[in-house]
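Please load the model in your viewer and keep the sequence panel open beside it. The tour below moves from one selection to the next and says what is to be found at each stop.

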Amino acid sequence: MNSGNGTVEVKELATVHDAAPSVVQPQAAAPGSNGATDIEKPTQVSGTRKTAAILCALALISAIAWGLHIRATRAAAVADATQTAAVLSVNVVHPVEGSKADDLALPGSVQAFTDTPIYSRTNGYLKKWYFDIGSHVHKGDLLAEVETPEIDQQLDQSRAELERMQANADLAGVTSNRWQALLAKHAVSQQEADQTRANYIAAQAAVDASRANVRRLEQLQSYERIIAPFDGVITARNTDIGDLIDAGSGSNNPRELFHLDAINQLRVYVAVPEVYSDSIHDGDSAILTQDSDPREKIPGTIVRNANAIDHSTRTLNVEVDVDNSKSILRPGAFVFAHFHLPAIGDTVTVPSNTLLFRAEGLQVAVVHADRVELVPVTIGHDFGGSVEITSGLTTADEVVLDPSDSLTSGALVHPQSVNAGGRS
């Protein structure tokens, strides 16, 4: 069975049996048996061997044919895989219409619409305070009381002095009237009558001066009651019961008693670079955001600007007013003011990792019908992770992400679209 041709082997076997029939010696038939059956046994064995040989040959041929088929199939698969691998698979994105430059975000400082320290206008000791930090007060509310014993005594003295001056003035007036009557009868000289008249006028002036001093002291005494000048929130309390209070804020070491901020409306001051100053106009809207809650969009309005560029920073100081009736913002907070600038031409934005820097200039790889085309582009603004393209691309283009340095125009690629986050 080692030969591949099973039919030849079977024929040779049959020839050997036919050429030596005398080798087989028929045995005497047993009594009562059939002698013809024993004679036919060699023929049956020969037929069985032929069949077995044929089956073995057919099995071998089938195995060889199957092996060839498997080999051909695998070779075709390898060829297909090789051809597929030869086509570069690339990720592509579509440019985004517009530009981040249309949204100018600049840091700003929040200030209360009215922000003032509150000092005492009289000397004394703090008797009592009524509001602490964080308290909302209204105009006219009593914040604290100051004891001023010196002022009280001075006021009593001035009132007594006013009464004395008034009595002298009354006496001078009566004397002047009498001398005027005597002058009509020529009982006194004109000089004496004029003298009494002048004394009366001087006494009246002294009364007026004394009365003015009384009003001054009364006004100082009224400062014993420290009153809220406007609606707002107490942001600082720097005094306590029994503290020695110095009058005014002009002393060498003034100390404010309270600090009051009006927070229902806030001012946000933003330094706008000179290059954008012509795009900022009074009355335009602005949106404010803060790091504590970036999702919160707070509307504001540009109410005024300095109309002059700061020579040291080359910026324009802009004021944005914000309605803060819901107390979303706090004075002193750091925020970002977003100004919408007018679009400049048909600009698009693409990720920075789409750019190719070559001797021909700045390019991007664009896929058309599974073929790469290197397109020259012009950059407007660089935002770090993305760039503004002012010419060369449209939103319908498919731009290759992370193009290899070996990528050339006309190369066959297999594009896979990804979204802005870089995922398929």
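Begin with the open sheet of four strands whose order is β2-β15-β20-β19, with antiparallel pairing; strands here are DSSP runs of E with at least two residues, helices are runs of H or I with at least four, and both are numbered from the N terminus, while two strands pair if DSSP finds at least two bridges between them. Select β2 (96-97) and β19 (378-382), which stand at the edges with a single partner strand each, so that one side of each is left without a neighbour in the sheet. This is a predicted model, in which local features need pLDDT of at least 70, side-chain atom pairs count only at pLDDT 80 or more, and totals for chains, interfaces and linings use all residues. Residues are numbered from 1 along each chain as its sequence is written, and side-chain values use heavy atoms, with hydrogens and water left out.

Strand β4 (residues 124-129) runs antiparallel to β9 and is joined to β9 by two bridges; select Tyr125 to find its bridge partner in β9, Leu244.

Finally, select helix α2 (residues 35-85), where Leu55 is found.
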